[in-house]
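Trainee: I am new to this structure. Please show me how to read its features.

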Amino acid sequence: MRIQIIGGSGTGKSTLGKWIGQQEGIPWIDTDHYLWKDHIFTEKRSIVERYALFTPDIERHHHYVVSGSIFSWNEIGFHNRELLVFLTLDENTRMERLIKREQERYPDFTGSNVFLDWCSTYLTATDPAMIGTLAEHRLQMIRSASPVIQIDAALPTDVMYKQIKSAYQKLSI
């Protein structure tokens, strides 16, 4: 099984990816690991550092579930994936999730920050080169060599997993 999950920040990519990895007994790869040096998301890695982490992962893991994208710095990315999953979520729900997450992560959070301002452009940004936007995700889906499915991220995790598992099993038929 080689699956990649994309979608806007706050759609639950990491939660779903980690859960699928546990259910299937396969490695879960969170692409934030390639991008960020720290767990509070303040210092980015260089592209050279990202490749140094990514290359062994893609060579070592024959089965995986990936949450997130590396498209902005590596368009080839997870070239051997078998399924691309695109998570969608009502914009108000997505932003509420993000605000709650920011409150939990940062005790001094005041209700807004640069990250949330950027997240609020997910639907309106039109340049597919702008990382983490619907425009970028649409381009990834258009260019995808693997089949693409769209899933409503408001569904319970186990229901999303069943939809992915069903789509994946149809690939083998």
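This is a predicted model: local features need pLDDT of at least 70, side-chain atom pairs count only at pLDDT 80 or more; totals for chains, interfaces and linings use all residues.

Trainee: Where do Arg 94 and Glu 91 sit relative to each other?

Mentor: Helices (H or I, at least four residues) and strands (E, at least two) are DSSP runs, numbered from the N terminus. Arg 94 and Glu 91 are three residues apart in helix H4 (residues 91–105), so about one helical turn separates them.

Trainee: Is Arg 94 buried or exposed?

Mentor: Buried means under 20% relative accessible area, exposed over 50%, and partly exposed in between, using a 1.4 Å probe and protein chains only. Arg 94 has 1% relative accessibility and therefore counts as buried. Lys 37, at 39%, is partly exposed, and Glu 43, at 42%, is partly exposed.

Trainee: Which salt bridge does Arg 60 form?

Mentor: Arg 60 pairs with Asp 57, and their closest N and O atoms are 2.7 Å apart. Both belong to helix H3 (residues 47–60), where a spacing of three residues puts about one helical turn between them. Arg 60 is partly exposed at 48%, whereas Asp 57 is buried at 12%.

Trainee: What else does Asp 57 meet?

Mentor: Contact means heavy atoms within 4.5 Å. A polar contact is a pair of N or O atoms within 3.5 Å; within protein, one must be able to donate a hydrogen and the other to accept it, and residues adjacent in sequence count only if both atoms are side-chain atoms. Leaving aside neighbours within four places in sequence, Asp 57 is in contact with Ile 29 and Tyr 34. The side chains of Asp 57 and Tyr 34 make a polar contact of 2.6 Å.

Trainee: Which side chain of opposite charge is nearest to Glu 102?

Mentor: For charge, Lys and Arg count as positive and Asp and Glu as negative; His and the chain ends are not counted. Glu 102 lies in helix H4. Glu 102 is buried yet has no salt bridge, and the nearest side chain of opposite charge, Arg 105, is 4.2 Å away. A polar contact of 2.7 Å does join the side chains of Glu 102 and Asn 113. Beyond its neighbours within four places in sequence, Glu 102 has contacts that include Phe 109 and Leu 116.

Trainee: Where is Phe 109 placed?

Mentor: Phe 109 is in the loop between H4 and helix H5 (114–119). At 15% relative accessibility, Phe 109 is buried. Its C-alpha atom is separated by 9.2 Å from that of Ile 99, ten residues apart along the chain.

Trainee: What volume does the largest pocket have?

Mentor: Rolling a probe the size of a water molecule over the atoms shows where empty space is left. On a 1 Å grid over the protein atoms alone, with a 1.4 Å probe, a pocket is an open set of points with protein on both sides within 12 Å along at least five of seven lines; lining residues have an atom within 4 Å of a point. Grid points are joined across faces, edges and corners, and a volume is the space filled by probe spheres set on the points. The largest pocket has a volume of about 1100 Å³. Of its 41 lining residues, the closest to the centre are Ser 9, Asp 32, Arg 101, Phe 115 and Trp 118. H4 gives the largest share of the lining, seven residues.

Trainee: Which residues does Trp 118 touch?

Mentor: Trp 118 is in helix H5 and is partly exposed at 27%. Not counting residues up to four places away in sequence, Trp 118 touches Ser 9, Met 130, Ile 131 and Gly 132.

Key
Residues are numbered from 1 along each chain as its sequence is written. Side-chain values use heavy atoms; hydrogens and water are left out. A salt bridge is a side-chain nitrogen of Lys or Arg within 4 Å of a carboxyl oxygen of Asp or Glu.
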